[in-house]
Amino acid sequence: MGNGTSIGRVRGLGSAKSGSHHWLVQRFTAIGNLFLLLWLAVSLVLLQDYSYASVAEWLSKPVPAVAMILLAVSTFWHARLGMQVVVEDYVHEDGSKFACLVALNFAAFAGAAFGVFCVVRLALGAH
Amino acid sequence: MANAGTRNRPLSPHLQIWRWGPHMFVSIMHRVTGNGAAVAGLGMLLWFLGALASGPKAYETFSWAMTTPIGYIVMVGVSWSVITHMMSGIRHFFLDVGAGFELKTNRTWSILSPVLGVVFTAAFWALLLLR
């Protein structure tokens with residue numbers, strides 16, 4: 001770079017110190033997604049039919065309900081991390097970038113919360 | 001500050017400079033399918049779970065929408081996006097541990113990842129429709 005004092009360079013352009021964590025969690029959730037989506041695909045193929053009764057009975061059982069809750073959390077987390085990188089790559093204006101990341105966080109947390117709540121409500125026998 | 005002393009510095013070459021190869025295609029498709037799966041796939045997942053939690057009537061509306069021609073296009077598109085992203089994602093796991101960077105190997109898996117995405121999507125739908 002060759003500009004400013006050494007300390008100025010470090011403050012302005014140094015590492016954010018959180019890149020490795022982001023990268024690792026992207027992989028952890030990717031592995032989770034891989035197993036959970038394979039489970040979902042196999043379950044969908046094995047389901048007798050897609051009537052409300054069959055699907056609700058299946059998803060109310062403890063193991064499928066927990067797997068679906070994990071799937072909602074893992075996929076929304078992974079999507080949040082991935083789309084954050086896309087925003088950082090293509091939205092360069094500070095204000096817009098901040099707004100995009102706020103919206104992305106809201107959508108990801110709200111989506112995961114809604115998914116988890118729906119499975120819990122179904123499994124605990126709302127109908 | 002970032003501009004001082006950086007004038008007339010060479011820029012790193014971007015997409016249009018390089019000769020196209022399958023590794024560029026698979027990289028771009030990883031982003032496209034990832035975002036497609038995130039927006040359309042997670043939207044569909046929430047509609048599915050919301051309909052189940054809301055009761056038989058809401059589920060009927062969801063089932064109706066998904067079995068219209070547009071619904072089938074969306075379902076096939078989402079399953080293709082997810083599976084293709086999964087294939088290029090598995091390719092990334094190998095690259096992450098430092099394997100598969102040899103030119104020929106890299107080229108082979110760059111071509112095979114999207115092809116396997118299509119093959120497994122077709123296999124998934126064959127299993128769903130023929131069972």
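In the largest nonpolar core, which has 32 residues, A:Val119, A:Leu122 and B:Leu52 touch the most other members. Such a core is a set of buried Ala, Val, Leu, Ile, Met, Phe, Trp, Tyr and Cys residues joined through C-beta atoms within 7 Å. Buried means that 20 or more other C-beta atoms lie within 10 Å of a residue's own; exposed means 12 or fewer, partly exposed in between, with C-beta atoms placed from the backbone. This is a predicted model: local features need pLDDT of at least 70, side-chain atom pairs count only at pLDDT 80 or more, and totals for chains, interfaces and linings use all residues. Residues are numbered from 1 along each chain as its sequence is written, while chains are lettered from A and ligands numbered from 1 in the order in which they are written.

- Beyond its neighbours within four places in sequence, A:Leu122 is in contact with A:Ala56, A:Leu59, A:Ser60, B:Leu52 and B:Ala53. Contact means C-beta atoms, placed from the backbone, within 7 Å.

**Chain A**
- Chain A has five helices and zero strands. Helices (H or I, at least four residues) and strands (E, at least two) are DSSP runs, numbered from the N terminus.
- Of its 127 residues, 20% count as buried.
- Among contacts in chain A between residues at least 6 apart in sequence, 70% join residues at least 24 apart.
- Helix α2 (residues 19-46) of chain A has 28 residues and should span 40 Å at 1.5 Å a residue; its end C-alpha atoms are 41 Å apart, which agrees. The expected span is 1.5 Å times one less than the number of residues.
- A:Thr29, A:Ala30, A:Asn33 and A:Leu36 are buried in α2(A). Their cover includes α4 (62-90) of chain A together with α3 of chain B.

**Interface**
- Chain B puts 26 residues into the contact and chain A 31 residues.
- On chain B, α1 (22-54), α2 (56-66), α3 (69-96) and α4 (103-130) each supply at least two residues of the side that touches chain A.
- The largest share of that side, eleven residues, comes from α1(B).

**Record for chain B**
- An unreviewed UniProt entry annotates residues 28-49, 70-88 and 108-130 of chain B as "transmembrane region". Positions follow the numbering used here, feature names are shortened, and annotations may be inferred rather than shown by experiment.
- Residues 28-49 of chain B are 100% helix and 0% strand, with end C-alpha atoms 31 Å apart.

Notes. Contact = placed C-beta atoms within 7 Å.
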